[in-house]
Amino acid sequence: MKKIAIIGAGATGLFLANFLKYRASVTVFEKSYRVGGRASSRSNRKMSFDHGAQFISIKNKQFDDFLEKLSYQGVVARWDGKFVSIDSKSLTSQNLQNKIRYVGVPSMQSIFEFLSNGVDLRLCTYIDSMVRQNDNWILRSGPNQNISQFDWVILAIPPTQAIRLLPLELKWFNMLNNLTMLPCVSLMALIKPLGDMPWSGARIKNSPLGWVAFNNTKPLRPSSLALVAQSDYYWTKKNIDMPDGDIEAELIQEIKRIAPFHIELVNYELKKWTYAVIEEPLSKNFLIAKKRGLAVAGDWCIGGNIESSFKSAHSLSDKFFREVI
């Protein structure tokens, strides 16, 4: 049985682990203390914030079938509500296309906590180098700290992080090195609105903001009024080095300006995502070097959402089933 190391326990890494674990010995390494990557949430009994991925929409039939199984398990549910697009210059709004949106329950992160069940998962393990010896990969998490040998390594992390581990002579090293990941900032706030909330989520145009949602309108969330605002990617790229207080002030000012009612932010917190979304996707589902026992995959290969992660992972696992394991 092939031994496969997957680096990264975000969406792509855990999709891959679930596809491959019955036909290979799979170990997933994650530098963080939690799974899910950008499908991240903060919650307690009184409040809940999905401050990474906001929802899941579906175009792919295989992904639809996969989510249906998760729905039967009580892991995902539909997020029904009104969704609009707001032009911040004219303050006019229009309804967004009526499509089905799914969310994890009771949080977006719950999806990947569920998918990590039965997976050999090593949290808080940062892989800082890889060495190829005798057709095997030796992973290292620090000086002289070797981890068990593997036949294959799959990097399911952003390209900017992947190239730190990849051999320079790899033919697609420069391809990855030329990709650009755009940052994003999420503002989480408890609010006191003076008026009815006319929508659940809004895309924002011509603004430092890109998205605003009332997290409490999602299924199985606490009733406390919780707002999540995410910045526009290109605005963030220009302003990511601003002091947090200045970023907060500008986003809060914009929230109050576009909100169709007076809004008071009671408590708020900022989260910066350095690698939020790919600027120009790779346009390949994955990259693989069979003779080296090496592959990379991720949403950044073909898009910038959870469905892209699924498609990348599913395509790579099919390749493994046909030619590797």
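The side chains of Asp244 and Lys272 come together in a salt bridge, 2.9 Å from N to O; the term covers a side-chain nitrogen of Lys or Arg within 4 Å of a carboxyl oxygen of Asp or Glu. Asp244 sits in helix H7 (residues 244-258) and Lys272 in strand E18 (residues 262-278), so the pair ties together parts that are 28 residues apart in sequence. Helices (H or I, at least four residues) and strands (E, at least two) are DSSP runs, numbered from the N terminus. Asp244 is partly exposed, at 40% relative accessible area, and Lys272 is partly exposed too, at 29%. Here buried means under 20%, exposed over 50% and partly exposed in between, with a 1.4 Å probe and protein chains only.

This is a predicted model, where local features need pLDDT of at least 70, side-chain atom pairs count only at pLDDT 80 or more, and totals for chains, interfaces and linings use all residues. Residues are numbered from 1 along each chain as its sequence is written, and side-chain values use heavy atoms, leaving out hydrogens and water.

The structure holds twelve salt bridges. Another one joins Glu323 and Lys290, at 3.0 Å from N to O. This pair links distant parts of the chain, with Glu323 in helix H8 and Lys290 in the loop between strand E19 (286-289) and strand E20 (294-297), 33 residues apart. Both ends are partly exposed: Glu323 has a relative accessible area of 37% and Lys290 one of 42%.
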